[in-house]
Every structure is written in structure tokens, then in C-alpha cells.
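Here is my note on the model. Please read it with the structure open.

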Amino acid sequence: MNDHLVRILGNDGSLRAIAAATSELTRAICRRQGTDPTASVALGRLVTGTALMGALLKGDQHLALMIEGSGPLSRLHAETDAFGHLRGSVKNPLAGLPPKNDRFDVAGAIGRAGFLHVIKDLGLKEPYRGMVQLYTSEVAEDLAYYLTTSEQIPSTVGLGVNLDETFAVATAGGFLVQAMPGGDETLIPLLEERLRQLPPTTRLLGEGKSPLQILEQLFAGIPFTVQMETALEFRCNCSRSQVAAMLRGLGADEVRAMIEEDQGAKVTCEFCKQTYEFTADDLAALPQLEN
Ligand code: ZN
């Protein structure tokens with residue numbers, strides 16, 4: 001099944017839900033980052049959560065989620081636009097931790113102390129920045145905690161990443177369910193019970209269920225409308241001109257030092273790992289250095 005997400009709204013307006021299949025894009029991101037198994041699961045969860053929250057963006061809005069933790073992964077980062085284009089990175093891709101209770105030790109890899117940062121570029125002058133302390137460091141609960149406390153929309157998040165026998169990403173996906181303000185509160189206990197009984201998303205996706213079928217199972221008997229369906233894919237929007245602008249931003253002294261000491265500069269995109277090379281002549285020709 002191709003990666004995509006579906007967003008639905010209960011017909012009485014009280015419940016909103018999003019489900020996503022993210023296997024391909026998670027595999028693509030983890031391969032580029034060179035993650036070990038535990039790091040793959042951690043980064044895959046963050047990428048999937050970012051895809052789910054990205055379903056609430058419009059037009060040219062962007063969303064970035066960043067986790068900074070005390071564990072060996074140090075910093076995880078995922079970004080999306082409103083059109084399902086995602087990229088992700090992890091500062092240290094090797095968690096180097098053994099499994100704990102037969103599960104990958106994601107909380108240990110991220111670290112129990114730290115912060116989840118949410119940066120939304122909504123096209124206003126300044127981006128919106130939110131931050132919460134890590135709640136369980138398992139990612140899904142941290143996102144739910146952020147949405148419930150900072151955005152004040154009671155939310156449940158499920159995120160799953162399954163690896164195959166070679167430790168490559170086999171299946172990834174998740175869901176987000178939100179209780180909208182002023183809705184029919186009697187539906188919430190029913191949905192909570194359904195969520196408790198719902199098998200892991202990766203198992204449902206692995207059985208061939210689509211994100212819509214997962215939501216249909218969750219919302220059985222609750223009338224809803226599909227609001228949108230979006231394809232999801234890995235895409236990095238870095239470019240040579242963007243890197244040139246970044247180098248210019250370092251200031252003339254810094255760039256002159258690169259010309260004199262290194263005879264050029266090599267910059268690697270943290271997301272797609274493409275390397276941009278600038279010769280001393282390229283650097284000297286950067287606009288602000290020309291005069
Ligand atoms: Zn890139």
C-alpha cells in the first residue's frame with residue numbers, strides 16, 4: 001500500500017481522527033540517516049507523528065517536530081508541509097542499546113529527560129513555537145501530552161514501526177484521535193474503549209488494512225465524513241542556493257576564513273545527506289562578499 005493519510009470528522013463535529021501509513025517514507029528516511037534498529041523505531045515514530053499532525057496544516061504552512069533528549073540519540077527532527085512531503089533526521093543515528101522487555105528501548109534511546117519542540121510556520125511573521133517536557137519519551141504519549149496540554153485539544157496518539165529480519169523498516173503507521181471542544185462527550189468513553197481494544201496499527205497495516213479501514217473500525221456506528229486523503233512521501237527541499245544563503249549568513253569573516261584556510265567549503269544536508277561543494281571562487285562570488 002502506498003503511503004498516505006486520511007482525515008475524518010465525526011458528523012456531529014465532536015471527534016476528529018487521522019490515520020496514516022508511512023512505511024515507505026520511514027524506510028527512506030532511516031536508510032539515509034543510517035539508523036540502528038532502536039533509532040529507526042524512534043525516528044519512524046516521530047516522522048509518523050509529524051505526518052499525522054501535518055494533516056491539520058493548510059496551504060503553504062509547515063510543521064517541524066524536534067525532540068531533544070538526554071539519551072544517546074540526542075536530537076530527532078522531522079518536518080512536513082501541507083502536501084505530505086516529509087523529511088527527518090537524527091543527530092546520532094546509533095542508539096547502541098539492547099532491547100528491553102523484548103521491545104526496542106525507545107525511551108532509553110531518546111532519554112527520559114528532555115523536551116518536545118513544535119514549530120509551526122503558519123505564514124505569519126513569526127513561527128509559532130510550543131514546547132513541553134518529555135512525558136514518557138515513547139513519542140506517541142509525548143505528542144498526545146503536547147496536544148492535550150499546549151493546544152488544549154484532548155488527544156490520543158498511536159505510533160508504530162515494525163522492522164523486518166534485516167532490521168529495515170517493514171511497516172510504519174499511526175493514528176491521532178481528537179475530541180473537539182463542545183462536542184458530544186458521551187462518545188469519548190466509547191472511543192476510549194475501542195482504542196484499548198484496537199490491535200497495534202502496524203499489525204492492521206501489515207494485514208493489508210488501509211488507514212481508512214482502521215478509522216472505520218474505530219468509528220464503527222459513529223457517522224463520519226472523510227475530509228481529506230493525502231499521499232505521503234519523503235522529500236527534501238534543500239538546494240544549492242539555500243546552502244549559499246546559509247553560508248552568506250555566517251558573515252564575511254567566517255567565509256573569508258573558509259576561503260583562506262580550507263580553500264572552499266563542503267556542506268552536507270542533515271536530512272537527505274546530499275553534499276554541496278563550494279570552491280574558493282564560489283565562496284568569493286557569494287553576493288555580500290563581492291564588493
Ligand atoms: Zn536535503
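1. Which domains does the domain assignment give for the protein chain? There is domain 1, covering 4-234, and domain 2, covering 240-290. Keep in mind that this is a predicted model.

2. How far apart do the C-alpha centres of domain 1 and domain 2 lie? The separation is 35 Å. The two domains do touch: nine residues of domain 1 are in contact with four residues of domain 2.

3. Now the interface itself. About 580 Å² is buried between domain 1 and domain 2. Carbon and sulfur atoms account for 53% of that area. On the domain 1 side, helix 1 (23-33), strand 4 (75-81) and strand 5 (85-90) each supply at least two of the touching residues. By type, that side of domain 1 has one nonpolar, four polar and four charged residues.

4. Find Thr202 in helix 6, residues 201-206. Is Thr202 buried or exposed? Thr202 counts as buried because its relative accessibility is 7%, and the cut-off for buried is under 20%.

5. Which residues does Thr202 touch, leaving out those up to four places away in sequence? Gly160, Val161 and Asn162 are among them. Thr171, Ala172 and Gly173 complete the list.

Methods
Residues are numbered from 1 along each chain as its sequence is written. This is a predicted model: local features need pLDDT of at least 70, side-chain atom pairs count only at pLDDT 80 or more; totals for chains, interfaces and linings use all residues. Side-chain values use heavy atoms; hydrogens and water are left out. Domain bounds come from an automatic or database domain assignment. Contact means heavy atoms within 4.5 Å. Buried area is the accessible area (1.4 Å probe) that two parts lose on being put together, summed over both. Helices (H or I, at least four residues) and strands (E, at least two) are DSSP runs, numbered from the N terminus. Ala, Val, Leu, Ile, Met, Phe, Trp, Tyr, Cys and Pro count as nonpolar, Asp, Glu, Lys and Arg as charged, and the others, Gly among them, as polar. Buried means under 20% relative accessible area, exposed over 50%, partly exposed in between (1.4 Å probe, protein chains only).
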